[in-house]
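Here's a quick briefing to read alongside the model. Have the sequence and the 3D view open as you go.

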Amino acid sequence: ETERRLAELGAVPLGSARLRDRYYDTEDARLTVADLWLRRRDGAWELKSPVGSPCGAGATQYRESVSEPEILSLVLPALGRGATATAGGGVSQLEHLLQGEGGGPCLAPFASIVTHRASYRLPGPGGARIAIDRTDFGHRVAEIEVMVGTEAEVPRAHAQIQEVAAKLGE
């Protein structure tokens with residue numbers, strides 16, 4: 001149904017992908033409680049962290065970090081550790097956290113999810129991107145994404161997301 005509506009709106013298919021995500025946290029869920037979502041997607045570390053306050057109506061704002069220094073700057077304080085972790089021997093600092101090195105809680109996987117994603121872009125300037133995800137456990141979700149460069153652009157992006165959602169009947 002959503003794909004049919006996207007076609008009616010002139011959405012351009014961008015392709016599809018199979019994603020394998022493994023999410024990590026401590027035994028007492030310190031990262032999840034802090035709304036930090038540390039994952040390894042197809043072998044690469046990523047962190048989703050909140051930006052600002054919730055937009056309402058199901059819209060959220062997250063920053064996606066892929067650089068290890070940026071990820072560590074957000075994860076280490078939530079783990080009650082200092083601003084840096086020690087690493088050596090070519091092993092990433094995040095790998096050391098998995099091994100529980102340097103004291104403090106150890107990170108361990110708590111969920112593994114395979115997602116089949118179909119991506120689309122709506123025509124026009126600043127065209128929204130829509131991802132339709134189907135997981136290996138039967139969950140289905142559509143994500144409408146509008147990228148912004150500054151905080152001042154967020155209200156416009158939120159309005160655009162709400163407009164697209166209304167057109168899709170979501």
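Predicted model: local features only at pLDDT ≥ 70, side-chain atom pairs only at ≥ 80, totals over all residues.

Residues are numbered from 1 along each chain as its sequence is written, and side-chain values use heavy atoms, with hydrogens and water left out.

**Confidence**

**Overall layout**
- The protein chain comes to 5 helices and 7 strands; these are DSSP runs numbered from the N terminus, with helices (H or I) of at least four residues and strands (E) of at least two.
- Read from the N terminus, the elements go α-β-α-β-β-β-α-α-β-β-β-α.
- Of the contacts with a separation of 6 or more in the protein chain, 48% are between residues 24 or more positions apart.
- Buried residues make up 34% of the 170 in the protein chain (buried means under 20% relative accessible area, exposed over 50%, partly exposed in between, with a 1.4 Å probe and protein chains only).
- The accessible surface of the protein chain is about 9500 Å², and carbon and sulfur atoms hold 54% of that (Shrake-Rupley method, 1.4 Å probe; for residues, only the protein chains shown count as cover).

**Strands around E3**
- E3 is mostly covered, with 5 of its 7 residues buried.
- On one side, E3 pairs with E2 in the antiparallel sense over 5 bridges (two strands pair if DSSP finds at least two bridges between them), and Trp37 stands opposite Lys48 in E3.
- E2 and E3 form a hairpin with 2 residues between them, and Asp42 in the turn has a positive phi of about 50°.
- E3 also pairs with strand E4 (residues 62–65), again antiparallel, over 4 bridges; here Ser49 stands opposite Arg63 in E4.

**Aromatic pairs**
- There are 2 aromatic pairs in the structure (rings of Phe, Tyr and Trp, the last by its six-membered ring, pair if their centres lie within 6.5 Å; planes under 30 degrees apart count as stacked, over 60 as edge-to-face and the rest as tilted).
- Tyr23 and Phe110 have ring centres 6.3 Å apart and planes at 50°, so this pair is tilted.
- Because Tyr23 sits in strand E1 (residues 12–25) and Phe110 in strand E5 (residues 108–121), the pair ties together parts 87 residues apart in sequence.
- Tyr23 counts as buried at 15% relative accessibility, whereas Phe110 is partly exposed at 44%.
- Tyr24 and Trp45 make a tilted pair too, at 5.1 Å centre to centre with 55° between the planes.
- Tyr24 is buried at 7% relative accessible area, and Trp45 is buried at 10%.

- Ala29 isn't a glycine, yet has a positive phi of about 60°; Ala29 lies in the loop between E1 and helix H2 (30–33) and is partly exposed at 26%.
- Asp35 isn't a glycine either and has a positive phi of about 60°; Asp35 sits in the loop between H2 and strand E2 (37–41) and is partly exposed at 24%.

Note on methods:
Contact = heavy atoms within 4.5 Å.
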